[in-house]
Amino acid sequence: MAGTMTEAPIDRAPEPNLVSPQLSGDLLALYQNLPPIALGVLASGSGSNFETIMEAIADGRLRAEVKVLVYNNPGAKVAARAARWGVTAVLLDHRQYPDRNQFDAAVVQALQAAGVEWVAMAGWMRRATETLVNAFPQRAINIHPSLLPSFPGIRAVEQALAAQVRITGCTVHFVELEVDSGPILMQAAVPVYPTDSAETLHARIQTQEHLIFPQAIALAVAQANQATQP
C-alpha cells in the first residue's frame, strides 16, 4: 500500500533543480586550469549574493578575484560586507546623474579602472543601458528571483504569489537590453506553499540563489573559454 505523501516543511528548501548544464566533465577540467577572472560586482542592497560570491572564491569553488564593488544606494549594507572582505567599494548614486546612460558610463568607468573582465549583478536594482551591455558583451551576468521568462522585472516574488503558482525559483542569465531577457545559464526551482508570504518565499528563493550563482558564473567563464579553444 502506498504511503501518504506529506508536504515538506516550509522552512526546508529542496535541492536545486538545475535546468541548464552543470560544470562537469571536460568543461570542469577546462575551468580548473583557467586563471582567476577579474570580477566586478554591482549591488544595491544588503549584499547576500556578494557574500556568496566571496565565500565561493575563498573555498575554491569560483576562480575569481573581485576587483571592485559598485553600489548605488548610500545606505546599502553591501558596503560593510565589502569592507570585511577587503574589497574596494565605490558608491555611485544614480540620483546624481541626469540619465541612465550617463550613470552607466560612470559604472563602466569604475569597472574598467579596476581592470574588471566580468561583471556580476548581485541584487543590482538598475536597468542596464547599451552603455553597460556593450562594454561587457556576454560578460555581464545577473541573478533574478523567478524562473524566467516568468515574472521578469521588479517584485518578482510578489508577482509569483499573485499568480498563485505552485513553483517559482531563481535564474542566472546574461544581461541584455531588455530586462531579464538574456540567455539563461542556470535555474533552481522552489515550491510555493499556501501559507507563504513574500518574506518566507523570498528567503527560500535566496537559499537557492546562493547555491547556483557562483556555479553559473563559473559555467559562463568555462563556456566562453571553451568557445575559443581550437
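**Exercises on helix H3 and two annotated residues**

The exposed residues Ala-83 and Arg-84 sit on the face of H3 turned away from its buried side. Exposed stands for over 50% relative accessible area, buried for under 20%, and partly exposed for in between (1.4 Å probe, protein chains only). Helices (H or I, at least four residues) and strands (E, at least two) are DSSP runs, numbered from the N terminus.

The model is predicted: local features need pLDDT of at least 70, side-chain atom pairs count only at pLDDT 80 or more, and totals for chains, interfaces and linings use all residues. Residues are numbered from 1 along each chain as its sequence is written, and side-chain values use heavy atoms, with hydrogens and water left out.

**Exercise 1.** Identify the buried residues of H3 and state what they pack against.

*Solution.* Step 1: within H3 (residues 78-85), Val-78, Ala-79 and Ala-82 are buried. Step 2: seen down the axis of H3, these buried residues fall within an arc of 105° (directions from the helix axis to the C-beta atoms), so they line one face of the helix. Step 3: they pack against strand S1 (37-43), helix H2 (48-58), strand S2 (64-71) and strand S3 (89-91); contact is heavy atoms within 4.5 Å.

**Exercise 2.** Is Asn-142 buried or exposed, and which residues does Asn-142 contact?

*Solution.* Step 1: Asn-142 belongs to strand S5 (residues 140-144). Step 2: its relative accessible area is 9%, so Asn-142 is buried. Step 3: leaving aside neighbours within four places in sequence, Asn-142 is in contact with Met-121, Thr-171, Val-172, His-173, Val-175, Asp-180 and Phe-213.
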